[in-house]
Amino acid sequence: MARIAAEPIRRAAIVKATILEIGRTGSLEVTVAQIAARAGMSSALAHHYFGSKEAIFVAAMRHVLTVFGAEVRGALAAAAGPKGRIEALVRASFGPTSFRREVVAAWLNFYVLAQAEPKARRLLQIYRQRLRSNLLHDLRPLVGARAEAVAERLGALIDGVYLRAALAPSGLSAAIPDRASATALVLDFLARELRQGGDQ
């Protein structure tokens with residue numbers, strides 16, 4: 001395999017291995033050697049492609065956010081009306097690709113990483129801004145002046161469900177009922193907020 005052709009495949013393998021290792025250990029206390037072994041290559045090669053463990057973590061975070069963003073865009077494109085779009089966004093937040101044990105563990109650890117790593121912090125800010133923007137766009141016609149407050153609470157609730165899932169003693173199953181329960185919890189909160197109506 002030519003070096004140019006192999007590089008993106010190996011980078012992707014390292015990113016996938018990083019997410020799986022974080023999921024296995026539940027922390028960022030994984031070594032490049034562990035990541036490289038799972039990816040089927042030497043730690044020297046992993047360092048060659050990324051330069052540092054922090055850079056590998058940031059690449060994994062970027063991948064998770066890219067996949068999540070694509071799921072959200074697809075869900076929003078298929079939704080009709082403001083309420084339908086918000087419900088689609090909530091469902092995408094707990095979709096089968098994002099709401100898996102290893103990805104949930106990665107999310108929790110990315111929040112930790114963002115406290116010390118500027119690039120990780122920036123990625124997290126982008127995620128929050130996009131979530132807020134999407135929510136506000138469709139909440140304004142539904143709840144008027146309350147849109148900012150409702151968007152903040154919805155975002156916090158979504159993040160909180162991930163946090164609880166990551167900290168659950170038995171971990172998170174990839175089974176549909178877990179995703180369905182998470183989605184139902186947030187949609188129930190949304191329904192109660194919408195029943196209160198707009199400007200008050």
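Helix α4 is the biggest contributor to the lining of the largest pocket, giving eight residues. Helices here are DSSP runs of H or I with at least four residues, strands are runs of E with at least two, and both are numbered from the N terminus. Before we go on, a word on what you're looking at: this is a predicted model, where local features need pLDDT of at least 70 and side-chain atom pairs count only at pLDDT 80 or more, while totals for chains, interfaces and linings use all residues. Residues are numbered from 1 along each chain as its sequence is written, and side-chain values use heavy atoms, with hydrogens and water left out.

Let's stay with that pocket. Rolling a probe the size of a water molecule over the atoms shows where empty space is left. Here a pocket is an open set of points on a 1 Å grid over the protein atoms alone, where a 1.4 Å probe fits and protein lies on both sides within 12 Å along at least five of seven lines; lining residues have an atom within 4 Å of a point. The largest pocket holds about 320 Å³ of space, a volume being the space filled by probe spheres set on the points, which are joined across faces, edges and corners. Its lining has 15 residues, and Leu65, Gly69, Ile126, Tyr127 and Arg130 are the closest to its centre. Two elements give two or more residues each: α4 (53-78) and α7 (118-143). By type, the lining splits into nine nonpolar, three polar and three charged residues. In that count, Ala, Val, Leu, Ile, Met, Phe, Trp, Tyr, Cys and Pro are nonpolar, Asp, Glu, Lys and Arg are charged, and the others, Gly among them, are polar.

Now step back for the whole chain. It has nine helices and zero strands. The C-alpha atoms fill a box of roughly 60 × 35 × 30 Å along the principal axes. Of the 200 residues, 43% are buried, meaning under 20% relative accessible area, with exposed being over 50% and partly exposed in between (1.4 Å probe, protein chains only).

Next come the charges. Side chains of opposite charge can pair when their charged atoms come close. A salt bridge is a side-chain nitrogen of Lys or Arg within 4 Å of a carboxyl oxygen of Asp or Glu, and the structure holds 10 of them. Glu21, Arg24 and Arg38 are linked in a salt-bridge network. Glu21 pairs with Arg24, their closest N and O atoms being 2.8 Å apart. Those two sit three residues apart in helix α1 (residues 3-25), so about one helical turn separates them. Glu21 also meets Arg38, at 2.6 Å from N to O. Because Arg38 lies in helix α2 (residues 32-39) and Glu21 in helix α1, this pair ties together parts that are 17 residues apart in sequence. Glu21 is buried at 4% relative accessibility, whereas Arg24 is partly exposed at 46% and Arg38 is partly exposed at 39%.

Another salt bridge joins Arg132 and Glu148 (2.5 Å, N to O). Arg132 lies in helix α7 and Glu148 in helix α8 (residues 147-167), so parts 16 residues apart in sequence are tied together.

The side chain of Glu71 does make a polar contact of 2.8 Å with that of Thr97. A polar contact is a pair of N or O atoms within 3.5 Å; within protein, one must be able to donate a hydrogen and the other to accept it, and residues adjacent in sequence count only if both atoms are side-chain atoms.
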